[in-house]
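Morning, everyone. Please bring up the structure, and I will walk you through it.

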Amino acid sequence: MIRVVLTVLLAVALLAVSLPALDDARTETTADRIGAEAERIEHAAAALTVDSVAVNEVTLAARDSLVVRAPGGFGAAPIDDLTLVNVDSERIDEARIDRDGGSVGAEAASGALDADVALTYRLRGGPLRAIPIPNPADTIELAVVDGPIALQTTGESRIELRFVTTERGAAIRLSRVG
């Protein structure tokens, strides 16, 4: 009987010691997977510009769609917020999301002043983090249409990319589908 009690106590102690390491691994895995989704958006934007020409008419613009998947399952930390936002280089020292204006300060986007868009996320109980999505080229900007795009924190979200001409030049416009 004493052996059973000691075995149970040892198992509980080992579990208590290992839980923080498991949480750290889940957080790191989730951050890596969200980073991979940001890279997929970057590659899709670059691929759209390779064989296409930007046009003024949005309905005639070259377009592509992409499914963004929020990490899930046992190996992923719970996500409270997952959003595509515009990066505002004028707001260097701000580290919060402006939901009304749909932008995040460049400092919150890891100081990436060459990125126009960032994928921001907040893991349960954690700080807001932003992954900058670099522009496909120096002369082509990325822009989120109509403010931030709130993505599903579990499952999939579909975004559409359109290659258009704006008053500032060529741009890839990101919008949510559905």
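Start at Glu37. At 11% relative accessibility, Glu37 is buried, because the cut-off for buried is under 20%. Keep in mind that this is a predicted model.

What does Glu37 pair with? Arg40 forms a salt bridge with Glu37. The closest N and O atoms are 2.7 Å apart. Both residues sit in helix 1, 3 residues apart, which is about one turn of the helix. The partner has another setting. Arg40 is partly exposed, at 29% relative accessibility.

Why can such side chains pair at all? Side chains of opposite charge can do so when their charged atoms come close.

How many salt bridges does a search of the whole structure find? The count is 5. I will show you two others.

Go to Asp80 and Arg124. Their side chains meet in a salt bridge, at 3.2 Å from N to O. Asp80 is in strand 2, and Arg124 is in the loop between strand 5 and strand 6, so this pair ties together parts that are 44 residues apart in sequence. Asp80 is partly exposed, with a relative accessible area of 39%. Arg124 is exposed, at 56%.

Next, Arg162 and Glu160. These two form a salt bridge as well, with the closest N and O atoms 2.9 Å apart. Are they buried or exposed? Both Arg162 and Glu160 are buried.

Now step back to the whole chain. It has 1 helix and 10 strands. Read along the sequence, the pattern is α-β-β-β-β-β-β-β-β-β-β. The accessible surface of the chain comes to about 10,000 Å². Carbon and sulfur atoms account for 54% of that surface.

How does the chain connect with itself? Take the contacts between residues at least 6 apart in sequence. Of these, 64% join residues at least 24 apart.

On to the inside. The largest nonpolar core has 32 residues. Which residues have the most contacts inside it? They are Leu84 and Ile172. Helix 1, covering residues 2-50, supplies at least two residues, and so does each of strands 1, 2, 5, 6, 7, 9 and 10. Helix 1 gives the most, with 7 residues.

Look at Leu84 for a moment. Set aside its neighbours within four places in sequence. Leu84 is still in contact with a list of residues, among them Ile41, Val117, Leu119, Ile133, Val144, Ile159 and Leu174. Pro148, Ile149 and Leu151 are also on that list.

Stay in strand 2, residues 79-88, and find Asp81. Asp81 is buried, with a relative accessible area of 16%. What joins the side chains of Asp81 and Thr83? It is a polar contact of 3.0 Å.

Back to helix 1, which also holds Ala36. Ala36 is partly exposed, at 36% relative accessible area. How far apart are Ala36 and Val68? In sequence, 32 residues. In space, 9.9 Å, C-alpha to C-alpha.

Now the outside. Met1, Ile2, Val5, Leu6 and Leu9 make a nonpolar surface patch of about 600 Å². Leu9 belongs to helix 1. At 53% relative accessibility, Leu9 counts as exposed, because the cut-off for exposed is over 50%.

One backbone detail to finish. Most residues other than glycine have a negative phi. Asp146 is not a glycine, yet its phi is positive, about 60 degrees. Where is Asp146? In the loop between strand 7 and strand 8, the latter being residues 149-150. Asp146 is exposed, at 77% relative accessibility.

Glu37 is buried and forms a salt bridge with Arg40. Leu84 and Ile172 have the most contacts inside the largest nonpolar core. Asp146 has a positive phi in the loop between strand 7 and strand 8. Thank you.

Technical notes: Residues numbered from 1 in each chain as written. Predicted model: local features only at pLDDT ≥ 70, side-chain atom pairs only at ≥ 80, totals over all residues. Heavy atoms only, no water. Helix = DSSP H or I, 4+ residues; strand = E, 2+ residues; numbered from the N terminus. Buried < 20%, exposed > 50% of the residue type's maximum accessible area, 1.4 Å probe, protein only. Polar contact = N/O pair within 3.5 Å; in protein donor to acceptor, adjacent residues only side chain to side chain. Core = buried A, V, L, I, M, F, W, Y, C linked by side-chain atoms within 4.5 Å. Contact = heavy atoms within 4.5 Å. Patch = residues over 30% accessible without salt bridge, like charges linked within 9 Å, V, L, I, M, F, W, Y side chains within 5 Å. Areas by Shrake-Rupley, 256 points an atom, 1.4 Å probe, with all protein chains shown as cover. Salt bridge = Lys/Arg side-chain N within 4 Å of Asp/Glu carboxyl O.
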